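Dear colleague,

I would be glad if you read the two side by side.

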Amino acid sequence: MVAMRNIVLLLLCITVVAPIVLYTDRLGTYKSPSTKEEFIEDVTAFVGAGDSGHLNLLPQETSTALKEPIGVVYTEDLTETKNLPRERPMVVESREHVSARVLSTTTEEDQGRKESLIRLVTDKQGNDGNILEKADGGGGENVNSEDAIDVDDSDAKLTKSDRGSDRESQVKDIKQEPQATIASSNINKKILSGETNKQKEQMPPDAKVQQLKDQLIQAKIFLSLPVVKSNSHLTRELRLRVKEVSRTLGDASKDSDLPRNANERIKAMEQTLLKGKQAQDDCAAVVKKLRAMIHSTEEQLHAHKKQTLFLTQLTAKTLPKGLHCLPLRLTTEYYSLNSSQQQFPNQEKLEDPRLYHYAIFSDNILAAAVVVNSTAVNAKDTSKHVFHIVTDRLNYAAMRMWFLANPPGNATIQVQNIEDFTWLNASYSPVLRQLGSPSMIDYYFKTHRATSDSNLKFRNPKYLSILNHLRFYLPEIFPKLNKVLFLDDDIVVKKDLTGLWSVDLKGNVNGAVETCGESFHRFDRYLNFSHPLIAKNFDPRACGWAYGMNIFDLAEWKRQNITEVYHNWQNLNHDRQLWKLGTLPPGLITFWKRTFPLNRSWHVLGLGYNPNVNQRDIDRAAVIHYNGNLKPWLEISIPKFRSHWTKYVDYDHVYLRECNINP
């Protein structure tokens, strides 16, 4: 009986004490998620398990059965590893105390949902300060009792460090969420400020200047209206505002030139203009005044254009004071030399057809010097280059003195006086007869007629110089040469030109660059096609070409008797009915169907009138041409093109300094 009682007591003790011991042991091994990181870590593992029974934040499709593990199971103590077959699904009991962590694959969609849930939990945590305490109390057990399934896609096997790094990265991502929110806010602020700055940058630099000018126009219109004139107070105020705005504008061309009180002046004028608008309501009177102002402005613009054209032509006809001084200074120096010092070396090369010969006809010493210097500097072997310069009697001594004092390397120089060409006379040359006629001189020098002439540029007295027409007499000037390269004095050479002598002209006399890229460089721009003689022999849409850099085959010239062709057409144009004066129109006629088109990179034109010449074309060009009135030695030249020319002028030269010639 006693034994039975002892057995019953023992069983009772076991029944009471065993659960207590077991529960106490469980509490000893359980570690509550005391930190935010551990809490988030466990929530992540809980979400990975896919059980929606304890947390209803997941979509319905995420609470389905767990995916099949790839093959490795980690027990809670991470000491044993079991390989699971891929065919059998694993069922995880949420209420088991001894749980297993299985690495399984997840799709990018599942991962996105998991991250979305983490954000929801952390957001909730931020809103409720007690959520961590609640998690410590009971939620933690539920989280720890779930199984997290992950898979390593590379080899289906992870180590402790792998899982630890995964959790650390997840915790790091959660930590960075508030920082990302702040950064996003900063980015938005930067974007807004950037858009504001962009709008400011898009504002034209003269916006306020134009606004002030518009206000002035409005004020002047109001002052001319009878309704405003009858209001003496408003009239005085408008006149005062006009004076203030006019002083504020001054010579300003952009907003940065305006004084600091410009905004105040704009606001004050706006208020006064508002009073003017309120004082008058007759729109017809305003429209009438505006039309009158537009008509007056157009007339003034037309008059200014004519005056500008005339003054530009006048400037182009003249030389700066320094360029007048230079030949005088050089002439004095030349005649101080003895006869032996006045001679150029290497004169035996002047008629050698194996060398490269250039023809330059000019009365501008500095311009001719730039042509020679730029050609010699860019030549591969200057000793094979011969420059034949022809000038007039006034500049002959000065031209010789310049090149005696400034020889272009080893190149050969010849300077000739056009007065020494005794064969060139009025009985031989029709153009000489025409240039010396009283009617021609009257046409050129009657300036009162220049203002009404639509072709004012043809009235430049330079066309009276026979130097301009010597290009049609090259075989007579160089009888022993086979090829000559003709260069104008307003060009700059940028590359070696010896390749032009090897160009096959295919039986043509003239090698030139065509200029028909634009419509006004065709034959009908230069010739009078209303005349039957022109209309019968030429095509009005034929492509023009450029003088300035031309390679001439003198042997072919003689064979085709080109000089006689030129004379015949000059005789037919004695009354200037076929073309206006100049050398290009007779050149187009004389070399009609006798011109070989060269590659455009040999010769780029327009630097004397067109500021929009492509810089890439200039860089590729062998020769650049300042054709037009804006010559590089004049103050009216195009500034951005001037440096190509001044590069070959030594402004420290004693002659240039004495004549005060500056870049």
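**Disulfides in the predicted model**

The link of C516 and C543 is left-handed, with -90° about the S-S bond. Because C516 sits in the loop between strand 9 (510-512) and helix 17 (523-526), and C543 in the loop between helix 18 (532-537) and strand 10 (549-553), this pair ties together parts that are 27 residues apart in sequence; helices (H or I, at least four residues) and strands (E, at least two) are DSSP runs, numbered from the N terminus. The sulfur atoms of C516 and C543 are 2.1 Å apart, where a disulfide is taken as a pair of cysteine sulfur atoms within 2.5 Å.

This is a predicted model, in which local features need pLDDT of at least 70 and side-chain atom pairs count only at pLDDT 80 or more, while totals for chains, interfaces and linings use all residues. Residues are numbered from 1 along each chain as its sequence is written, and side-chain values use heavy atoms, with hydrogens and water left out.

By the same rule, the count comes to 2 disulfides. The other one joins C325 to C659, with 2.2 Å between their sulfur atoms, and it is left-handed because the torsion about its S-S bond is about -70°. C325 lies in helix 11 (residues 321-334) and C659 in the segment after helix 24 (654-658), so parts that are 334 residues apart in sequence are tied together.

As for accessibility, C659 counts as buried at 6%, whereas C325 counts as partly exposed at 26%; buried means under 20% relative accessible area, exposed over 50%, and partly exposed in between (1.4 Å probe, protein chains only).
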